[in-house]
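Here are a few exercises to work through with the model open beside you. Try each task before reading the solution.

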Amino acid sequence: MRAELSVSGVANRLQGPLLALRRDVRVGLNDSVEVIGDDGRPRLGRVATLDESGMIVEVLESTSGLSLPTTRVRLHGSRLHFGVGPRLLGRVLSGVGQPIDRGPPIPALRSYRIDGLAINPARRKKPHEFIETGVSAIDLLNSLVRGQKLPLFSVAGLPHDRLLAEIAVRARLRGEESGHFAIVFVGIGISHDTAEVFRRALEASGALEHTLLFLNLANESSTQRLLAPRYALTAAEYLAFEEGRHVLVVMTDMTNYCEALREVSASHGEVPARKGYPGYMYSDLASLYERAGILAGSPGSVTELVLLTMPAGDISHPIADLTGYITEGQIVLDPELDRKGIHPPIRVLPSLSRLMKDGTGAGLTHEDHPRLAQQLYAAYARAVNVRMLASVVGVEGLPALDRRFLDFAEAFETKLVHQTEARTLEQGMRIGWELLRTLPVSELHRLSPQQIQKYLLPEAE
């Protein structure tokens, strides 16, 4: 860390949130600064680019009222830090970690760099243990595991905000560790109305007591939007690795983040890559997603549940494509299910939790959970194929067995995927067994004879 310096009379251009300065002092890339205008109010910023003669500062707050001749810049000589400490939970902060709930300043016990540190792979522990979200299509079929990073792929107009609010309210740990659970919820580039929906849902349910809420609004600068997830993840790392909590970080909407990245990149004059996004978007997203995990010797964990809206529903769009490479599965929301009134409209077949096998089964959830999930998956996949065939030949043209699978698909969507209130894993499993009882046991190849005897006979057939 270098000594603090103040410079004045060096500003020569202001373009949106970008302030160009003549470089008269030693400064480092990404160093934090304060930009002070005639009103005397410090505005947080950071050094975005520099060369031998000049530098550009990204101002993270409004630049209105700044006058080039009188603007003064205070250089901190270090990167942006976030002061964290006890009593973080229950607070509502801006995208740059400032309280916006009319509460007192946060007492800082530690000061961490917001861009985090690369985690030594040798210190990483394999994600394990189950987090119950209260959503059967996730808990039963695509289980979320502590330390995992799992995205939700959605499109504009679907009720993904409602789903995220429900997960934030209902998510919990099972067993003795339930008291060590915390949520860090960060809204990125969201509207005032959506921010209020999240805030009221958490307050009304009492979940805000174990939640830290970051709100970056759509009318705030794109540069600030790039920092909101970094402040949130810094707080999550403190809660996990200093206080020993198991932290679920819910981030929405990463598409807004990537749009801000493209906008800032273009303003810097960088050469665009695919669809105008910067070529380093993969590594930038990885710098956020890879902060999830479990560290050897540390008691807590950081799990990420990330929502992104796919432009035009294109799952091969760079944002969804790159996210899929980095993360460990995906939950896909489906407009067709939404039109049928299914909530949450989770399309089960393309959804996947790659770490589900590490967090489910005997000693973790239920010994029969994995095979039940596999059998439901297999039966529903067959039923969807039958549904396609029925669209060609008609239901009347199908054999009796196929018509039973058609009925199974309808019940699967309306009774298991659709839910109006929170369900435990056991409640979801009971519905799963009831659905399988409608099929001939001779078609249930993923279950053991003992499971068929225990759960399906004599009701089946």
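**Exercise 1. Find the polar atom of a side chain that lies 2.8 Å from the backbone nitrogen of Gly147, and describe the surroundings of the residue that owns it.**

Step 1. Start at the backbone nitrogen of Gly147 and look for side-chain polar atoms: the one 2.8 Å away belongs to Thr303. Bear in mind that this is a predicted model, so we're talking about computed distances throughout.

Step 2. Thr303 sits in strand β19, which covers residues 301-309.

Step 3. The relative accessible area of Thr303 is 0%, and the cut-off for buried is under 20%, so Thr303 counts as buried.

Step 4. List what packs around it. Skipping neighbours within four places in sequence, Thr303 contacts Ile131, the run Leu144, Val145, Arg146, Gly147 and Gln148, and also Val247, Leu248 and Val249.

**Exercise 2. Is Ile315 buried, partly exposed or exposed, and which residues does Ile315 touch?**

Step 1. Locate it: Ile315 belongs to the loop that links β19 and α7.

Step 2. Get the accessibility. Ile315 has a relative accessible area of 45%. Buried needs under 20% and exposed needs over 50%, so Ile315 comes out as partly exposed.

Step 3. Collect the contacts. Leaving out residues up to four places away in sequence, Ile315 touches Phe153, Met310, Ala320 and Asp321.

Step 4. Look at Phe153 again. Phe153 and Ile315 are 162 residues apart along the chain, yet their C-alpha atoms are separated by 7.9 Å.

**Exercise 3. Which residues of helix α7 are buried, and what covers them?**

Step 1. Walk along α7, residues 318-326: the buried ones are Pro318, Ile319, Ala320, Leu322, Thr323 and Ile326.

Step 2. See what lies over them. The cover includes strands β14 (149-154) and β19, plus helices α5 (254-267) and α6 (281-289).

**Exercise 4. How many helices and strands does the chain have, and how does its radius of gyration compare with the globule rule?**

Step 1. Count the elements: 13 helices and 21 strands.

Step 2. Finish with the contacts. Of those with a separation of 6 or more, 71% join residues 24 or more positions apart.

Methods: Residues are numbered from 1 along each chain as its sequence is written. This is a predicted model: local features need pLDDT of at least 70, side-chain atom pairs count only at pLDDT 80 or more; totals for chains, interfaces and linings use all residues. Side-chain values use heavy atoms; hydrogens and water are left out. Helices (H or I, at least four residues) and strands (E, at least two) are DSSP runs, numbered from the N terminus. Contact means heavy atoms within 4.5 Å. Buried means under 20% relative accessible area, exposed over 50%, partly exposed in between (1.4 Å probe, protein chains only). A polar contact is a pair of N or O atoms within 3.5 Å; within protein, one must be able to donate a hydrogen and the other to accept it, and residues adjacent in sequence count only if both atoms are side-chain atoms.
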